Every structure is written in C-alpha cells, then in structure tokens.
Amino acid sequence: MRTVPKLHPKVLLPLECFLKDLIAFNIPIEEMQAIENLLKTIEDIRSKKRIQFKCYKEVISEWFVELDRDRQIRKKSSIDNEVRVVSRMDDLTASVTEQAMSVTRDFVEAQNRERKQFFNYIKQVNSRNFSTKKAWNNLILTFFHEKSVWYFKEAFPQHWELDPTEGPLRIRRRLRRCFINIDQKFFRKEREVEKQKNLLAYLFSKNKYETDSSAFIDRIHTNERITYTSPCLVITPAEEYPGEVLIGSSCVHFVGEQRNSTSDSSVVAEVWMFEEIKEVKKCRFQLQNNAVEMFLTNGLTFLIAFETNASCDEFVNSLLTARSLPNLTIDKNLLEMTQLWRERKITNFEYLTYLNKLAGRSFNDLMQYPVFPFVLSEYECPVLDLEAQSSFRKLNRPMAVQKKSKEDYYVNQYAYLKAEYESTQHLGEMMLPTTGPYHYGSHYSNSGTVLHFLVRLPPFTQMFLQYQDNNFDIPDRTFHSLSTSWKLSSGDSTTDFKELIPEFFFLPEFLVNSEKFNFGARQNNEMVDNVNLSKWCRNDPRMFILIHRQALESDYITEHLNEWIDLVFGYQQSGKNAVDAINVFHPATYYGIDASKIKDP
C-alpha cells in the first residue's frame with residue numbers, strides 16, 4: 001500500500017483495471033477487502049493527480065501498444081549497436097581484403113607469365129615441326145619420283161587414282177600415282193599387292209601430344225592479320241573435315257583435323273591465295289543453303305559447309321566485299337547460256353555441265369554429284385544408228401517409266417501413299433517430317449549410284465568398300481554390264497531408276513578393272529571384270545566414250561534434251577507438274593528437309 005502512490009500513472013490505470021476485473025471472480029472475503037482498500041487508495045491517488053479513468057479494455061490495448069513500441073525501440077537499438085561494432089571493423093576488413101587481393105593478383109600474374117612462356121615455346125616447336133615436315137614432303141615429291149635420279153621403286157606408289165583437278169568444262173580425266181591401302185583379299189590372285197611405306201616415314205611420325213592444327217593456326221595469327229574466322233566443314237567425296245576457315249590479308253586458310261580409325265588425328269591445312277580464286281558459288285549441303293564452293297585457277301575445287309546459312313553468307317560477304325580477288329570471274333546467267341545452247345553455240349555436254357553447276361551439284365559431294373541422262377536404249381545390236389529414234393531413250397519420261405506398261409504401278413503407289421498421308425494428317429507433329437506421297441522411294445542420283453558406277457576407279461574403290469561395310473557388292477549386283485544397267489533402270493526393277501554420271505561421256509578408265517580387283521563370279525560363273533559395253537563399240541571403252549559423246553550431241557537428243565531438263569532441273573521437279581509426269585521422289589530428297597533432325601532407326 002505504501003508503494004502505490006509512487007507508481008507511474010501509466011501503471012496505475014492498468015493495475016486498477018486488473019483489480020476491478022479480479023473482483024468478478026470468487027475470492028475469499030479477506031482478499032476481497034484488501035482489493036477494495038487498494039482500489040480506494042488508487043482512486044484517491046488518481047483524483048489527487050487528476051488522472052481520468054478509462055475502460056480497462058482501452059487501457060489494456062494501449063498497454064500492448066506501448067509494449068510493442070518498446071520492443072521495436074529495443075530492436076532498433078540492438079541493430080544500431082551491431083552496426084557500430086561492424087563499422088569499427090570496416091577499416092581492418094578493408095585492409096586485410098586489399099592485402100589478400102594483392103597477393104592473389106601477384107601470384108596469378110606470375111603463373112600466367114610462366115604459362116605464356118611455356119605455351120609460346122610449345123607453339124614455336126610445333127610450328128617449326130610442321131614447316132619442316134612440309135619441306136621434307138616437298139623434297140620427296142621433287143627428287144624421288146619415277147623419272148628422278150633417286151627413284152626408289154619399293155617406296156614409290158604403283159597404283160593409279162583419279163586426280164580431282166578439273167579441266168575445261170569441269171572434265172576430270174587425269175590419273176595420278178597413289179598408295180592403295182586395300183587388303184590383298186580384294187585383289188585377284190595374279191595381282192600381288194605389297195605393303196608400301198612412304199620414304200622417310202619416320203620424319204612424319206607424330207607425337208601423341210602434338211597438335212599440328214593448333215600450331216598452324218597460331219602461326220597464321222602470328223604472321224598475318226586475320227579478319228574473319230568461322231567453324232566449318234570441308235566436304236570431299238571420301239570424308240568431311242571439321243575445322244576452321246580464316247580470311248587473312250592475302251589468302252584464305254583452312255585448318256582442320258583428319259580423324260583416323262586409331263583415334264589419332266592429323267592436320268589438314270589448305271591455303272588459297274586471293275589471286276588463285278576464280279569463282280565463289282553458293283550451294284547446298286544436306287538439302288540446306290549453308291555451303292559455298294570455291295573454284296581455283298589450278299583446277300581444284302573446295303566445298304565448304306557452315307553451321308547456318310547466316311554464317312555462310314557472312315563468309316561470302318567478307319571474302320567478296322572486303323578483299324580484292326583479281327582473277328574472280330562471273331558465269332553467264334541462265335538466259336544467256338540457254339540462248340547460246342538454243343543457237344547451238346555451245347554443246348549439250350557444256351550446257352548440262354552448266355546446269356549441274358548452277359543447281360549446286362558438286363564432284364565433292366557424292367549425294368549431289370553431277371547428273372547426266374541415259375541417252376541410248378540400244379546396247380546389244382552390232383551397229384548403232386544415231387539417226388534412228390529407236391536408238392534413244394524417251395527423254396520426256398523418267399527412267400522408271402520408259403515402258404508405258406510400268407506407269408500403273410507407280411501411279412497406284414502414289415495414290416495409296418497419298419491416301420495414307422491424308423488419313424494421318426490429323427496426327428500433326430507426331431508424324432515424321434519426311435512422310436508424304438511419292439512415286440519412287442529413293443532418287444535417280446545418290447552416293448550409292450555414284451560409287452556403283454565408279455567402283456573400279458580409286459579412290460572410289462576405297463569409298464565403296466567403306467560404304468559396303470568393307471566388302472564389295474554381290475557380283476550380280478555389281479556394275480558389270482551397261483545393257484543390264486539400262487534394263488534394270490528402264491523398267492525391269494521397281495527400285496532401280498538411276499541416271500548416269502558425267503564420266504560416261506569423257507572417262508574410259510572407270511570402265512576398266514586396271515587394278516585387278518576381285519569382284520567375284522556371277523551366278524553363271526562369269527567373273528566380274530571390265531564392264532561389258534556393246535557390240536557397236538567392239539567392247540572398247542575408248543570407242544564407247546567417243547560414240548556415247550556423239551550420241552549426246554546428236555540431233556535427236558538436242559531436240560528433246562529440254563524435256564529431260566524439265567524433269568531434273570525444271571518445272572516438273574515438284575508439285576502438280578511432277579505428279580502428272582510421274583516424277584515425284586521420296587520427300588526426304590527435296591530441298592528444305594533438315595537431315596540432321598532425322599533419327600536413324
């Protein structure tokens with residue numbers, strides 16, 4: 001009771017409310033009297049201090065508000081204290097951090113200097129080794145050939161292969177010496193093939209840690225200013241070489257890797273001087289507009305494929321707009337060439353070569369190899385009459401329907417596939433992107449067709465073996481007779497409708513088994529050797545090529561060649577016109593299909 005007058009007014013009101021609330025409970029009389037006395041004392045104090053009484057709920061509410069306010073004040077005070085403590089340590093923390101960063105920076109710089117010195121040494125060694133190997137290789141080619149003083153037969157190539165150099169009209173007829181890495185079992189018994197090894201082969205042995213392409217790229221960047229680089233593929237008939245194309249101040253470089261079956265790799269390096277570039281032409285690779293073919297003044301061509309069409313355009317623009325190409329030529333346009341052909345100022349062969357080039361067909365890509373027509377239908381008579389219409393194929397018809405009796409089969413097949421396609425269109429993306437009606441399930445020109453015809457001529461022999469899982473084809477299916485090939489393509493087979501390749505008009509060597517490969521015996525026990533041609537050429541390959549070229553330039557072919565051009569290069573390739581002409585091939589063979597998205601089942 002004595003301490004009550006000393007209480008703060010903020011405490012008196014809550015205490016009074018609490019005591020009045022306590023009276024409502026059943027408590028002993030003695031305690032009740034004590035509470036009443038305490039209340040009376042509080043009322044006297046309140047009246048003296050003129051403190052107005054409030055409802056106990058209001059008092060309690062204000063009490064809790066006050067408690068919360070005190071709690072916030074204490075919390076803020078605590079945070080302020082922590083900040084003051086941390087701020088006292090800021091200077092020390094900053095000092096320690098700065099010293100640690102300084103030590104780390106010094107260590108990294110020292111490490112980078114050591115690494116840079118080491119890398120520069122490795123690059124110098126690799127660049128020197130690369131240059132040395134190239135110099136030795138040039139010496140060997142110069143002083144150890146078969147007409148030189150130091151000719152060494154056991155180490156000199158004894159086989160022949162087709163040289164990729166193109167002459168006028170893109171004709172490739174030159175052969176060159178080569179080594180053939182083909183097992184003895186693929187040759188006839190009388191043809192013994194000894195394992196040959198390059199002269200001074202130990203000079204070209206490669207350390208497994210050596211990366212020639214990296215050294216070569218580094219040497220390029222060291223010796224000249226590089227203005228453009230891009231990843232790419234260089235496409236050849238045998239292989240695709242991944243690498244990087246670089247445009248320098250005076251030439252274009254390609255540096256890539258050739259992967260071997262032993263998981264080792266060797267450098268592939270090409271240098272194309274600006275004055276050597278004769279033509280740069282955009283073309284397709286794998287049915288996409290993402291490639292360019294470069295034609296050089298020395299007759300070599302290079303097909304370069306990029307990841308995207310945009311990358312291809314960027315390369316072409318960088319090469320043509322920012323550089324001076326003194327020997328760059330521009331072909332006549334299609335209208336000019338067609339008019340020259342109509343006036344017979346250029347030959348049928350020249351015009352077909354131009355159309356193949358304009359269509360993006362290349363000797364570097366077996367899937368887009370130049371295509372020429374079957375021109376003759378007579379291969380068995382002793383005399384060929386080039387003025388008789390019966391001697392020639394029907395150029396207004398695809399190969400598979402040279403016989404009118406074969407039309408119904410392909411028309412019915414197209415109608416059936418069209419009905420199936422329309423009945424499944426509601427499935428949308430669930431269907432493969434290559435589905436759709438067609439007359440023929442493959443194409444008149446593909447890698448298999450090219451290798452089928454060129455199997456006797458290296459390096460296509462090695463490509464054929466790789467294509468056929470290291471085996472020749474069944475003897476009866478191997479290209480052994482031109483008459484048989486005509487019969488199969490023109491109607492006897494529903495899966496074979498191939499056209500010809502340009503070599504049928506200028507290269508007799510591919511018809512002869514000069515290397516004595518063992519293609520086996522047919523079911524009639526006849527060995528497959530040279531191609532059986534025709535009686536009218538006395539089975540002579542050179543005479544056949546001569547007469548066959550004359551047939552291509554004959555009056556009948558000249559008058560009707562436009563009909564075949566319409567089928568292969570013109571308006572009857574696709575759409576309703578192709579359907580009417582019975583000339584629709586599998587949808588996966590047409591431009592626009594992304595072959596990379598088609599999974600191999």
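I counted secondary structure first: the protein has 14 helices and nine strands. Helices (H or I, at least four residues) and strands (E, at least two) are DSSP runs, numbered from the N terminus. This is a predicted model, where local features need pLDDT of at least 70 and side-chain atom pairs count only at pLDDT 80 or more, while totals for chains, interfaces and linings use all residues. Residues are numbered from 1 along each chain as its sequence is written, and side-chain values use heavy atoms, with hydrogens and water left out.

I then checked contacts, meaning heavy atoms within 4.5 Å. Among contacts with a separation of 6 or more, 61% come from residues 24 or more positions apart.

I turned to strands E3 (residues 228–235) and E4 (residues 240–247). They pair in the antiparallel sense over eight bridges; pairing takes at least two bridges found by DSSP. Four residues lie between E3 and E4 in this hairpin. Ser-230 stands opposite Val-245 in E4.

Last, I took helices H6 (residues 334–342) and H7 (residues 348–358). How do their axes cross? They come within 10 Å and cross at roughly 165°, with axes fitted to C-alpha atoms over the stretch in contact and angles running from 0 to 180 degrees between N-to-C directions. H6 and H7 are therefore roughly antiparallel (over 145 degrees). I noted the residues in contact: Leu-334, Met-337, Thr-338 and Trp-341 of H6, and Asn-348, Tyr-351, Tyr-354, Leu-355 and Leu-358 of H7.

Notes. Angles under 35 degrees count as roughly parallel, over 145 as roughly antiparallel, 65 to 115 as roughly perpendicular and the rest as oblique.
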